[in-house]
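Keep the structure open beside you as you read.

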Amino acid sequence: MELNELRKNIDQIDSDIVRLLNQRYEYVQGVGKWKQSNAHEIYVPEREKSLLERLYSLNKGLLPNETLKAVYREIMSGAIALEHPVTIAFLGPANTFSNQAAVSKFGHSVKYVPKNSIAEVFEDVEKDKVSYGVVPVENSTEGAVTYTLDLFAKSDCKICAELNFTAHQQFMSNSPKDQIKVIYSHPQAIGQCRSYLHSHYPTVPVVEVRSTAEAALRAQTEDGAAAIASQMAANHYGLEILDSKIEDKTDNVTRFLVIGKQEPKQTGGDKTSLVFTVSDKVGALYESLGHFEKDKISLTMIESRPSKSNNKEYHFFVDCAGHQKDPQIQDAIASLKKSSSKVKILGSYPVSI
């Protein structure tokens, strides 16, 4: 076909897509009214997972699943906002990787509220000031975010969902590469890009600041300044990306958790997070972990933290495969309660896809 004819067919398909999206949103509006009348949660992680899995099974064409997921992320974001206003708290400031991770989960149609600390995210969820919070819990390079774990030990917030976010560091400035006089970034970002900095800017001063967003702001306002920050920060501050994906390890993944007050239903592909406390005695941890082995339950994470109330006790945070309503998980938890001084289920939620 000629180019004009190809474009004409594309235009017709676009018209059909817009019409069908509006038709979809009419049904979404009806779902929202039903949810509000029946005091049902607006965001349903288990529905989100089943929808994406169904879409992947239907996708037999040229469209990559990641692209399909990105498209439907925004469709679902608009649907959530149409059903009821939703606010998401995250560790600020705006335009950081935490902000970018939250958007990757909830899309651009909901409202985002930056907070000064992870503790404030928990507090706003607990006091119903926001609908959900997004907090980092684990990094493939740096390990567990222990401050987040400590907050879970004393909070009533529930884990509703998880997401694995790959943070690509970008080198940005409004000055040419040969005129860079100073480089700004957060200490963690600097640490992830040491090889790049050593190879490309060995004599340029590298200055630590409170966030990658602040680094981007300084690069915007100072001549000869550059920043290591996110794509979102570059877009917001109008900076040119001089080099992309400059991190030493390109597979650096941060796991975030969505916290709220609901308990997602079983999907068949779930994860349960819990914390238990054992006394400082020989064999205590071995005995506790044996309950999971007995029921053939796979553990995907285990971290220990000292108890703040008793220096002879330790909290152990565990992620295991399965839902708290699965019989084998219930058996393991029942046995765990007999050998531990305290057991607290933090939440069961769909495994990230």
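This is a predicted model: local features need pLDDT of at least 70, side-chain atom pairs count only at pLDDT 80 or more; totals for chains, interfaces and linings use all residues.

The crossing of helix 2 past helix 3 is right-handed.

Which residues make the contact? From helix 2 come Glu48, Leu51, Leu52, Leu55 and Tyr56, while helix 3 brings Asn65, Leu68, Lys69, Tyr72, Arg73 and Met76. Sorted by class, this contact has seven nonpolar, one polar and three charged residues.

## The largest pocket

Now turn to the largest pocket, with a volume of about 740 Å³. Its lining counts 30 residues, and Leu91, Thr96, Ser98, His186 and Gln188 lie nearest its centre. Several elements each supply at least two lining residues, among them helix 4 (97-106), strand 3 (132-139) and helix 9 (212-221). Helix 7 gives the most, with three residues. By class, the lining of this pocket has twelve nonpolar, 14 polar and four charged residues.

## The second largest pocket

The second largest pocket holds about 550 Å³ of space. Of the 22 residues that line it, Glu66, Lys69, Arg73, Ser104 and Ile353 lie nearest its centre. Helix 2, helix 3, helix 4 and strand 5 (158-166) give two or more residues each to this lining.

Which helix gives the most here? That is helix 3, with six residues. The lining of the second largest pocket has nine nonpolar, five polar and eight charged residues.

Notes:
Residues are numbered from 1 along each chain as its sequence is written. Side-chain values use heavy atoms; hydrogens and water are left out. A crossing is left-handed if the near helix is turned anticlockwise from the far one by less than a right angle, and right-handed if clockwise. Helices (H or I, at least four residues) and strands (E, at least two) are DSSP runs, numbered from the N terminus. Contact means heavy atoms within 4.5 Å. Ala, Val, Leu, Ile, Met, Phe, Trp, Tyr, Cys and Pro count as nonpolar, Asp, Glu, Lys and Arg as charged, and the others, Gly among them, as polar. On a 1 Å grid over the protein atoms alone, a cavity is a set of points where a 1.4 Å probe fits but cannot get out, and a pocket is an open set with protein on both sides within 12 Å along at least five of seven lines; lining residues have an atom within 4 Å of a point. Grid points are joined across faces, edges and corners, and a volume is the space filled by probe spheres set on the points.
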